Amino acid sequence: MTAKPLTSEGFAPYGDVIELAGTPDKIINQGMCGRFHDLAKLDFGTGQAGISLFEAKARTLPYTVELVERHPEGSQAFIPIDGVPMLVVVADDDNGTPVNLKAFVSQPGQSINLHRGIWHGVLAPLDSAGRFAVVDRIGTGTNLEEFWFSDPWIVEAAEE
């Protein structure tokens, strides 16, 4: 599998790409700030929104995907604090089994929001460690399912 650049169109079946694009919806703060409003469909089910900070070790390509996970009770947004690109692996669901894996590489200024129940790889900043703000569901019940592949997938860099 080859990692492709992260785009709103390519990622739409799995979630939202959060980035500045076009013109702001509103100009605020005495004309000194543009607000790009409501850029992701956040879904916390019966829980509440929580903001956590993650510190993740660097990964490199080629990258081995041994497991994916999903969160059946809510969405999960990853916002890079350090501007480090991340490898985003997602998959379709076939009766509880992740299939048709796809890989994307974020660009500076891009964040993602994974929709509820989407299979995805672990947080994987590329080439250097990264810190991330994560907005996801906080609440009771099990909100994590993992799937380990008997034959891991390999993500290669796109040829230039």
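Is Arg131 buried, partly exposed or exposed, and at what relative accessibility? Keep that one in mind; Exercise 1 settles it. The model here is a predicted one.

**Exercise 1. Work out how Arg131 sits and which residue Asp82 pairs with.**

Step 1: Start with the cut-offs: under 20% relative accessible area is buried, and over 50% is exposed. Arg131 comes in at 43% relative accessibility, so it counts as partly exposed.

Step 2: Now look for the partner. Asp82 and Arg131 join their side chains in a salt bridge, with N to O at 2.7 Å.

**Exercise 2. Find the salt-bridge partner of Arg70 and the network they belong to.**

Step 1: Arg70 forms a salt bridge with Glu145, and their closest N and O atoms are 2.8 Å apart.

Step 2: Since Arg70 lies in strand E6 (residues 63–70) and Glu145 in strand E14 (residues 145–155), the pair ties together parts 75 residues apart in sequence.

Step 3: Compare the cover. Arg70 counts as buried at 14% relative accessibility, whereas Glu145 is partly exposed at 31%.

Step 4: Through salt bridges with shared partners, Arg70, Asp93 and Glu145 form one network.

**Exercise 3. Describe the pair made by Arg116 and Asp43.**

Step 1: Their side chains meet in a salt bridge at 2.7 Å, N to O.

Step 2: Arg116 is in the loop between strand E10 (111–114) and strand E11 (119–120), and Asp43 is in the loop between strand E4 (33–35) and strand E5 (48–56). That puts them 73 residues apart, so distant parts of the chain get linked.

Step 3: Arg116 has a relative accessible area of 34%, making it partly exposed. Asp43 is partly exposed too, at 21%.

**Exercise 4. Sketch the whole chain in a few numbers.**

Step 1: Count the elements: 1 helix and 14 strands.

Step 2: The radius of gyration is 16 Å, close to the 15 Å from the globule rule for 160 residues, so the chain is as compact as a globular protein of that length.

Step 3: Look inside. Of the 160 residues, 38% count as buried.

Step 4: Take contacts between residues at least 6 apart in sequence: 81% of them join residues at least 24 apart.

Step 5: Finish with the charges. The chain has 11 positive and 22 negative ones, their mean positions being 7 Å apart, and the salt bridges number 5.

How values were computed:
Residues are numbered from 1 along each chain as its sequence is written. This is a predicted model: local features need pLDDT of at least 70, side-chain atom pairs count only at pLDDT 80 or more; totals for chains, interfaces and linings use all residues. Side-chain values use heavy atoms; hydrogens and water are left out. Helices (H or I, at least four residues) and strands (E, at least two) are DSSP runs, numbered from the N terminus. The radius of gyration is taken over C-alpha atoms; the globule rule is 2.2 Å times the number of residues to the power 0.38. Buried means under 20% relative accessible area, exposed over 50%, partly exposed in between (1.4 Å probe, protein chains only). Contact means heavy atoms within 4.5 Å. Lys and Arg count as positive and Asp and Glu as negative; His and the chain ends are not counted. The place of a charge is taken as NZ of Lys, CZ of Arg, CG of Asp or CD of Glu. A salt bridge is a side-chain nitrogen of Lys or Arg within 4 Å of a carboxyl oxygen of Asp or Glu.
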